[in-house]
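This briefing sets out selected features of one structure, grouped by topic. Please read it alongside the sequence and the model shown below.

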Amino acid sequence: MSRSRVAVLGAGLIGRSWTALFLAAGHDVAIYDPADNVEDLVREGIDSAWPMLQRLGLTTEERPTATLTFYADPSKAVKGAAFIQESVPERIGIKRALYALIEPAVASDAIVASSASGLTLSELQSGWQDASRLVLGHPFNPPHLIPLVEVMGNERTAPGVVDTARAFYESVGKVTIEVKREMPGHVANRLQAALWREAIHLVNEGVASVADVDTAIASGPGLRWAVMGPTTLFHLGGDEEGLQTFCDRYTDSFNRWWDDLGDPRLDAETTERLVQGVADAGLAGRVDELSEVRDERLAEVIAATHPRLRRT
Ligand SMILES: NC(=O)c1ccc[n+]([C@@H]2O[C@H](COP(=O)([O-])OP(=O)(O)OC[C@H]3O[C@@H](n4cnc5c(N)ncnc54)[C@H](O)[C@@H]3O)[C@@H](O)[C@H]2O)c1
C-alpha cells in the first residue's frame, strides 16, 4: 500500500509499537486512546522504537515524517483510514463498545484488524452489524520488532480481505501466517505454551534446573528454530530422503516421549519453584537490564534471519 492513513485504536504497549512501525513505513497515523497522557506516552514509545526500526532497515529517516494525529472521537480517527489496527484492552465489552462507535465511520473498503490474543474472531465479530472487513491481526510483542503477525478471517469475512490484510502487513515489514480455524491462543502462543509446559514439568520433576532448561533451549534447538521451523528442521535431520526417513527412524522415540510428556498446572507451588529458579540463576531484579540484552540480541538475529524485511 502506498502512503495512506492508518488508524490505531488503543495506544498502550501494543498500539504504541504498531504506531512506530506504521510511521516507519510512511503511513500517516490517526490515534484514538482515551488515556489522559496518551500523546506523551506514544511519542516516548516512538522515540524508543525508532533506533531499532532504523537498525532493522525499516526506515532510513532520522525521525518520522509521516503525520501523527490524536483524536478524542474514535469515529473521527477511523474516517478515511485504509487500515485500522485495534489494540484496546482484552475485554470483549470494551472492544464491542468501540466497534459500535466506529462502524458507521469505517470506509467500505477499509480493513479493521484486532490485535486480540485471547478473544476469538467470532467473539469479536459479535460487536459488528457487518463483520465482513474485520480480521484478527495478532502480533507478537513488541510488534515493531518481532516480525510475526497471525491473520485470520472466517466464513463471515469478505473474500480477499485476509489476503489484503496480509499484503498490508508485509508491506510494513511483517511476516504473516494465516490461522484457518478458531482455536484459543491461535498458533504461536499455543506452541509457546506447549514448550513451556514441558519445561516446567522437567523442573518440577527435578530433571534440570530452571537455568539449565532455559539453556537447553537458548543454546540448542531455539537457535535452529530462529532459522527454520521444527518440521523443516527434521526434514534436514534424516538422509537425502528427508522427512520420510526421519519419521521412519524416530517414530518409536517420538511416540514414547509424547506418551511421557508432563501436564503441570501453573499453581502457587509451581510458580514459587520457577521464581526461585530464576533467583538461583541470578536473574532476579534485573528485568530492565535483561530486556535490553534480549532486544540487542534479537536485533542481530532478526537482521540475520529476516534480511528480506529490509525495506530500504
Ligand atoms: N501485551 C502483549 O504481549 C500482547 C501481545 C499481542 C497482542 N496483545 C493484545 O493487544 C491488545 C492491547 O494489549 P496491550 O498489552 O497493549 O494493553 P494495554 O493495557 O497496554 O493498552 C490498552 C490501551 O487501550 C486504551 N483504551 C482503554 N479503553 C479504550 C477504548 N475504549 N478505546 C481505545 N483505547 C482504549 C488504554 O488507555 C491503553 O492505552 C489486547 O487485545 C491484547 O490481547 C497483547
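In E5, Ser-114 is the residue that stands opposite Glu-86. The two strands concerned, E4 (residues 83–86) and E5 (residues 111–114), run parallel and are joined by four bridges. This is a predicted model, in which local features need pLDDT of at least 70 and side-chain atom pairs count only at pLDDT 80 or more, whereas totals for chains, interfaces and linings use all residues. Residue numbers start from 1 along each chain as its sequence is written. Helices (H or I, at least four residues) and strands (E, at least two) are DSSP runs, numbered from the N terminus.

**Sheet**
- Eight strands form an open sheet with mixed pairing, in the order E3-E2-E1-E4-E5-E6-E7-E8; two strands pair if DSSP finds at least two bridges between them.
- Strand E3 (68–71) and strand E8 (175–178) are the edge strands, each pairing on one side only.
- On average, neighbouring strands of this sheet are turned by 25 degrees against each other, direction ignored.

**Helices H7 and H12**
- H7 (residues 188–204) has 17 residues and should span 24 Å at 1.5 Å a residue, which agrees with the 24 Å between its end C-alpha atoms; the expected span is 1.5 Å times one less than the number of residues.
- H7 and H12 (residues 268–280) pack at about 85 degrees with their axes 11 Å apart; axes are lines fitted to C-alpha atoms, for helices over the stretch in contact, and angles run from 0 to 180 degrees between N-to-C directions.
- The two helices are therefore roughly perpendicular (65 to 115 degrees).
- Ile-200, Val-203 and Asn-204 of H7 meet Thr-270, Arg-273, Leu-274 and Gly-277 of H12, contact requiring C-beta atoms, placed from the backbone, within 7 Å.

**Backbone**
- Asn-141 and Pro-142 are joined by a cis peptide bond, with omega about -5 degrees.
- Pro-142 lies in the loop between E6 and strand E7 (148–152).
- His-186, in the loop between E8 and H7, has a positive phi near 55 degrees.

Note on methods
Parallel < 35°, antiparallel > 145°, perpendicular 65-115°, else oblique. Contact = placed C-beta atoms within 7 Å.
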